[in-house]
Amino acid sequence: MSSSRSIEIIPRGSADRGHADHGWLKSFHTFSFASYNDTQHESFGALRVLNEDRVAPGTGFGTHSHREFEIFSYVISGELEHQDSMGNTEVLSRGSLQMTSTGTGISHSEKAHGPQEVHFCQIWASPRPGEGSGKPAYFTRHFTDADKRNKFRLIVAPSNSSEVSLGREADGPAPIRSQLRAYASLVDPGVSIMHAFHPRRSTGLRKAYIHIVQKSGHNPGKPSGARLRVGAQAEGPMIELREGDGAYLLVGEDAELKVENAGESEAEFLLFDME
C-alpha cells in the first residue's frame, strides 16, 4: 500500500472457490461453507458467506433454521420461491433481493419456482455487536437493470443509517443489522465507473470485496465470459477479473475504486463495503 489513495487487491479466483455439484444444486463458496473448509478464506470483515447457487426446477432447500446471522439473496435469473416461519411467502425474480435478520431464530425454505433454473447469490453477514439476538425481521427490495446500469447501485445498507427504510417493501436499499453496504452493477463494454467509499468514523484501511457474477453459464473450470479491470482510480495497478472471480480489497482512506469493462459483453458484479 503506497498511499492513502491506493487499494491493495488480493484476487480470489473462480476455480479456487469451494464447489459442490449435487445435481439439483450447483454451488460455489467464496468462504468456508458446509463441507468446504478453507482456513485462509473463513470470512472478511462482516462478510461470512458468499455462495453463488444454481437450483434446478422443482427442487430447492427444504425448511431449515437459522439464528443470529443477517442473510440475504440476490436473484440473477429465474425465480426463487421463499417461505418462512414469520408467514412470508414470496416469488422473487431477476433483480429482487430478500433480506432476513434471523435474530432469535427463524425457519425458511428456498426453492426454484417455475420451469427454469434459479441462479442467485446467497450472502450471510455477522450482525453488529449486541444485535444478533433481536426480533427476526424480513424485507424485500427490487432493482431493475436500468437501476444498476453503469453505476454502483446501493442495495443493502446498515439498519441504523439514514439511507434505509424499515418498511417490509420499500424503495432504496434493504436494512441490515451489520456494518456492511452492498452494491450491484451492470457495466457495458468499454465503460468505466468510479466508486467513492462511504465515510466512516475509524481510520486506517477498510475492507471491501468484489464478486463478478458468472452470467454466461455454470463453469467450474478456468474463468471466462465478461472481463473487468479493477483498481484504484488515482494510482496503482489494475487487475483483470473474469466471471466467478472475486478480490479482497484493502482500501486507503482517500482511495476511490475504478471498475472498467474490458470485454465485449455486459458484466454484472457485487461490491461489499465493510466499515
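**Figure 1. Arg153 and its neighbours in this predicted model.** Looking beyond residues up to four places away in sequence, Arg153 touches Phe143, Asp147, Lys148, Ala182, Tyr183, Ala184 and Ser185. Arg153 itself is found in strand β13. One of the residues it touches, Ala184, is 31 residues from Arg153 in sequence, yet the two C-alpha atoms are 5.3 Å apart in space. Is Arg153 buried, exposed or partly exposed? With a relative accessible area of 25%, Arg153 is partly exposed, because the middle class runs between the 20% limit for buried and the 50% limit for exposed.

Figure 2. Most residues other than glycine have a negative phi. As for solvent, Asn150 counts as partly exposed, at 27% relative accessibility.

**Figure 3. Ala34, a second residue with a positive phi.** Which loop holds Ala34? Ala34 is placed in the loop between β3 (25-29) and β4 (47-55). Phi of Ala34 is near 55 degrees, which is positive although the residue is not glycine. The relative accessibility of Ala34 is 70%, so this residue counts as exposed.

**Figure 4. Lys215 and its polar contact with Glu266.** The side chains of Lys215 and Glu266 come to 2.6 Å in this polar contact. Which other residues does Lys215 touch, leaving aside those up to four places away in sequence? Besides Glu266, Lys215 touches Arg94, Leu186, Glu243 and Glu268. Lys215 lies in the loop between β17 (206-212) and β18 (227-232). Its relative accessible area is 30%, so Lys215 is partly exposed.

**Figure 5. His66 and the side chain of His64.** Where in the chain is His66? His66 has its place in strand β5, which spans residues 60-66. Its side chain joins that of His64 through a polar contact of 3.2 Å. Not counting residues up to four places away in sequence, the residues touched by His66 are Ile71, Thr102, Gly105, Ile106, His108 and Trp124. The relative accessibility of His66 is 14%, so His66 counts as buried.

**Figure 6. The whole protein chain, as a setting for the close-ups.** How many helices and strands does the protein chain have? The secondary structure comes to one helix and 22 strands. The radius of gyration is 18 Å, close to the 19 Å that the globule rule gives for 275 residues, so the chain is as compact as a globular protein of that length. Along the principal axes, the C-alpha atoms fill a box of roughly 50 × 40 × 40 Å. Of the 275 residues, 51% count as buried. Among contacts with a separation of 6 or more, 78% come from residues 24 or more positions apart. The accessible surface is about 11,300 Å², and 46% of it belongs to carbon and sulfur atoms. Finally, for anyone thinking about charges, there are 29 positive and 35 negative side chains, and the centres of the two sets lie 2 Å apart.

Definitions and conventions
Residues numbered from 1 in each chain as written. Predicted model: local features only at pLDDT ≥ 70, side-chain atom pairs only at ≥ 80, totals over all residues. Heavy atoms only, no water. Helix = DSSP H or I, 4+ residues; strand = E, 2+ residues; numbered from the N terminus. Rg over C-alpha atoms; globule rule 2.2 N^0.38 Å. Buried < 20%, exposed > 50% of the residue type's maximum accessible area, 1.4 Å probe, protein only. Contact = heavy atoms within 4.5 Å. Areas by Shrake-Rupley, 256 points an atom, 1.4 Å probe, with all protein chains shown as cover. Lys, Arg positive; Asp, Glu negative; His and termini not counted. Charge placed at Lys NZ, Arg CZ, Asp CG, Glu CD. Polar contact = N/O pair within 3.5 Å; in protein donor to acceptor, adjacent residues only side chain to side chain.
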